[in-house]
Amino acid sequence: MFWEHFAVWVAAFLTLGIYSFLYKDNPWYKLCESIFVGISAGYWFVTLFWDNIYGKFWVGVFPPTHVNELGESVRTAQPDYWLLVGAVLGLLMLLRLVPKIGWLSRWSLAFIVGATAGFYLINYFSSNVMRQVQDTIMPLFGSGFDASAYVIIGNIVVAVGTFTGLIYFFFSKEHRGAFGFSAKVGIFFLMVTFGASFGYTVMSRMSLLIGRIDFLLSDWLGLIR
Amino acid sequence: MSTRIKEILVVALVLVFCAIIYIGKVSGWMKGVTFSPAVSMIVIILLAASLAVILVLTIRGRLVGRRTVFVYVGIAVALPLFMSISQYIPISPEVRTLHDGLEDLQDGSKVLVSFDYDPPSAPELQPMAESFFRYCMDRDFKIVIMGLWPQGPLQANQAMEKVLEDPKYAAKNYQYGVDWVNLGFQTGNEFVIQRMGTDFRSMFATDYSGANYETLPIVKNVKNFSNVDYVFNLSAGYPGTVEWVQVAVDRYGVKLGAGNTAVQAPQCYPYLRSGQLIGILGGMNGAAEFEKLTGHEAKGTKFMLSQSFSHMIVIAFIIIGNVAFFMGGRKKNLSV
């Protein structure tokens with residue numbers, strides 16, 4: 001019971017400390033900031049150690065055993081020795097700390113860059129290019145001229161927005177005349193996009209504030225019924 | 001008395017005041033406060049009037065400091081939490097399609113929920129998680145939980161605990177391992193999703209509590225995504241909805257609905273139009289809409305009033321700021 005009260009008070013103390021920066025930079029804020037940075041670093045170190053080095057590598061190479069009904073000690077899974085390759089590549093990364101043989105870390109980097117580039121190339125090309133292009137190239141009025149006015153207007157906005165947006169990013173021709181006008185329309189669409197993103201960002205940040213104020217007034221002080 | 005000592009005294013007084021309220025809360029003599037609709041309207045009118053005064057002062061050349069703006073935003077967020085008035089929440093098409101996708105499932109279907117967020121995003125995503133669980137229990141869905149973020153499964157447990165506090169859902173007697181399971185966190189980002197496409201067990205040999213995958217009845221026949229009827233992803237960034245779309249949807253044909261933080265939502269809207277996503281709950285607004293659709297109005301709906309008030313304050317100060325800008329002739333100075 002005591003620890004529950006203590007935990008709520010610590011959370012409230014740290015929340016108020018962080019918000020005290022709105023008044024001005026002060027030692028209370030600095031203390032809370034330092035606690036946050038320190039705990040975050042420690043948390044991530046421990047998490048990554050137990051999930052990656054122990055949970056994936058150690059358990060993968062040396063699977064735990066258990067005793068079956070016959071009293072025999074059996075492994076829960078087959079050892080995966082391919083993980084040793086990853087471990088060696090990981091160790092090579094650490095050789096950057098030794099200048100003379102630091103070049104060996106490039107092998108690991110080459111593997112990471114190559115593997116991720118290959119993986120992402122397929123994913124992004126399929127999901128973010130082909131599917132999106134496919135969705136943009138569509139009949140404006142529906143396949144059987146059966147679309148509603150709402151859909152038709154939406155399709156026209158998408159078509160015009162995509163086309164003029166692409167024109168804005170085409171820099172091989174000077175933005176003048178009709179071409180320049182299209183580029184300006186493209187800028188308009190970009191601004192609307194940025195505005196929508198900004199609006200959503202404001203909503204998200206306000207949500208964080210609402211969450212903390214709800215904690216202070218409800219969980220801490222119990223003022224909200 | 002120096003300014004520093006005055007500041008320390010003010011902080012100490014505030015903390016002592018809060019301590020008294022806290023003791024009152026614990027000992028039971030301090031009850032919560034709720035504004036009646038009439039009081040709420042008076043508060044709103046006073047707030048609007050004070051903003052009008054600030055506008056007039058600005059026009060007269062007396063500018064307010066940034067701390068005033070902070071105080072107003074704080075008030076705009078805090079006061080609506082006490083108000084007993086409600087706000088009309090229209091349902092957007094993307095939330096309705098997400099709900100319709102769930103409605104199409106048969107009772108008792110198996111849903112996979114991936115918790116890809118941590119406590120900072122909880123105000124937006126936790127209400128979605130709770131209302132999603134409530135909906136699942138109403139329909140007797142089997143719930144398989146996982147997380148690509150280390151703290152995700154903890155958030156899932158919190159949401160489940162909260163839902164099970166309700167006697168209505170406690171009476172359903174949802175059994176762990178049979179009706180729901182938390183497979184825990186798995187490191188590896190999108191590669192986890194990739195491996196799950198062929199074999200769930202290769203990524204989750206044990207559940208959150210360390211029980212073997214094979215011993216859990218709920219996932220006994222779950223080999224890969226083809227054995228799951230619906231996937232719901234609660235995401236606050238990377239890895240999250242984008243990765244689920246790219247791998248689970250486009251490679252394995254999974255039926256995916258998503259709940260995103262508002263920051264991430266615009267990034268995911270293109271997937272909605274192309275049909276890669278069934279629906280999106282975007283930020284707190286999405287949470288409130290889903291709560292309304294499912295008939296479980298909770299924190300998402302309650303927080304929307306604060307959200308709307310704070311937006312009104314932001315808009316008001318943007319107007320006041322522009323008035324100050326043009327009245328002060330700063331445009332002229334800047335153009336020189």
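How much area do chain A and chain B bury between them? In this predicted model, the answer is about 5300 Å², with 60% of it on carbon and sulfur atoms.

**View 1. Chain A meets chain B.** Here we look at the interface between the two chains. On one side, 54 residues of chain A take part, and they are in contact with 68 residues of chain B.

**View 2. A salt bridge between the chains.** Zoom in on Lys302(B) and Asp214(A), whose side chains meet in a salt bridge. The N to O distance is 3.5 Å. Across the interface of chain A and chain B, 5 salt bridges turn up in total.

**View 3. Two helices of chain A crossing.** Now for a pair of helices within chain A: α3(A), covering residues 83-94, packs with α4(A), covering residues 105-136. Their axes lie 7 Å apart, at an angle of about 125°, so the two helices are oblique to each other. The crossing of α3(A) past α4(A) is left-handed.

**View 4. Side by side at the helix contact.** Which residues meet where α3(A) and α4(A) come together? From α3(A) come Leu89(A), Leu92(A) and Met93(A). Facing them in α4(A) are Ser105(A), Trp107(A), Ser108(A), Leu109(A), Phe111(A) and Ile112(A). Sort the residues of this contact by kind and you get 7 nonpolar, 2 polar and no charged.

Key
Residues numbered from 1 in each chain as written. Chains lettered and ligands numbered in written order. Predicted model: local features only at pLDDT ≥ 70, side-chain atom pairs only at ≥ 80, totals over all residues. Heavy atoms only, no water. Axes fitted to C-alpha atoms, helices over the stretch in contact; angles between N-to-C directions. Helix = DSSP H or I, 4+ residues; strand = E, 2+ residues; numbered from the N terminus. Parallel < 35°, antiparallel > 145°, perpendicular 65-115°, else oblique. Left-handed = near helix turned anticlockwise from the far one by under 90°. Contact = heavy atoms within 4.5 Å. Nonpolar A, V, L, I, M, F, W, Y, C, P; charged D, E, K, R; others polar. Buried area = accessible area lost by both parts, 1.4 Å probe. Salt bridge = Lys/Arg side-chain N within 4 Å of Asp/Glu carboxyl O.
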